[in-house]
Amino acid sequence: MFTPEFLLRFTYLVMEAYIIGGVTVVLWLAHFRFLWERRWIILLGTLLVSAYALPLDAVAVANSWGGFNSAYISGIYFFGDSLLLEEIIFWIGTASVTISAVLIFAELERRGVPRWVLPVGVFLPIEWLAEQTAPDVQHSPDFLRRIT
Amino acid sequence: MSYFLILLSFGIAPLALMWLAAPRLVWRHRGALVVIVILILLVSIPWEMAAIDRVWFYSPRVIVGTRLFNLPIEELTFFVIDGLLVGTLALLLEEKFHVHS
């Protein structure tokens, strides 16, 4: 059952779990409240991106524009053997991570945080970064409500 | 059909439409878009280098053959366009539904 050949078939899934899953955990640990308040935007955006990209992905595979090595994938396909499970996870995962990160960066920009600082917004709280880098910028009502 | 043509049709075209729909919003948050693209490239290039031609591959008839970091130039272009497209969509949705702190 658990032969090396069998385990290799989870290569793509493990890569996704490690990279997309890892970034998702970091983003939500650092920004749970902020992202939770925007969960419907993240969900809607992810659905729109997936609905747009997944058919293209399936068409590309169906026309042999690209493909996968069967030794490294689960082999679970949908919609006529063209849409690989890992590709569905890829589009849903990368869309939600990208949308979440951009919402965080945009909030930091609104608070006057210098652009070169934005990347650390992935893992550092928005309020703390704004306090450290742009203390003269007016705080958001949400922040003032919480500290008073 | 070439990979570049697909990127042009299904990537650049909707991106241009979104930028034309809200140019000031996009310009105001250009830093967020640039940063997300840089982060996507930093994460994706090593991932892609490990997987290309092993886990997945592209037919030689759809790519031009130019490679950077051993990756088809189209794949790198995809990361940039995808980041800008999804990032711009996030900004538009946030603006539309007025979810600001």
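Predicted model: local features only at pLDDT ≥ 70, side-chain atom pairs only at ≥ 80, totals over all residues.
B:Asn70 is placed in the loop between S2 and S3 of chain B, and its phi is positive, at about 65°, although the residue is not a glycine. Most residues other than glycine have a negative phi.

B:Phe69 is likewise found in the loop that lies between strand S2 (67-68) and strand S3 (71-72) of chain B. The phi of B:Phe69 is positive as well, at about 55°, and this residue is not a glycine either. For B:Phe69, 13 C-beta neighbours are counted inside 10 Å; the residue is therefore classed as partly exposed, since exposed residues have 12 or fewer such neighbours and buried ones 20 or more.

The two chains meet in an interface in which 35 residues of chain A are in contact with 29 residues of chain B. On the side of chain A that touches chain B, two or more residues are given by each of helix H2 (11-37), helix H3 (39-62), strand S1 (66-68), helix H4 (85-110) and helix H6 (141-147). The most is given by H4(A), with 10 residues. By class, this side of chain A divides into 21 nonpolar, eight polar and six charged residues.

Strand pairing also joins the chains. S1(A) pairs with strand S1 (residues 56-58) of chain B in the antiparallel sense, over three bridges. In S1(B), B:Tyr58 stands opposite A:Gly66.

Two packed helices are described by the angle between their axes and the distance between the axes. The axis of H4(A) comes within 8 Å of that of helix H3 (residues 30-51) of chain B, and the two axes cross at roughly 140°. H4(A) and H3(B) are therefore oblique to each other, because only angles over 145 degrees count as roughly antiparallel. The crossing in which H4(A) passes H3(B) is right-handed. H4(A) makes this contact through A:Thr98, A:Ala101, A:Val102, A:Phe105, A:Ala106 and A:Glu109, and H3(B) through B:Gly31, B:Ala32, B:Val35 and B:Ile36. The residues in the contact of H4(A) with H3(B) comprise seven nonpolar, two polar and one charged.

Definitions and conventions: Residues numbered from 1 in each chain as written. Chains lettered and ligands numbered in written order. Contact = placed C-beta atoms within 7 Å. Helix = DSSP H or I, 4+ residues; strand = E, 2+ residues; numbered from the N terminus. Nonpolar A, V, L, I, M, F, W, Y, C, P; charged D, E, K, R; others polar. Pairing = 2+ DSSP bridges. Axes fitted to C-alpha atoms, helices over the stretch in contact; angles between N-to-C directions. Parallel < 35°, antiparallel > 145°, perpendicular 65-115°, else oblique. Left-handed = near helix turned anticlockwise from the far one by under 90°.
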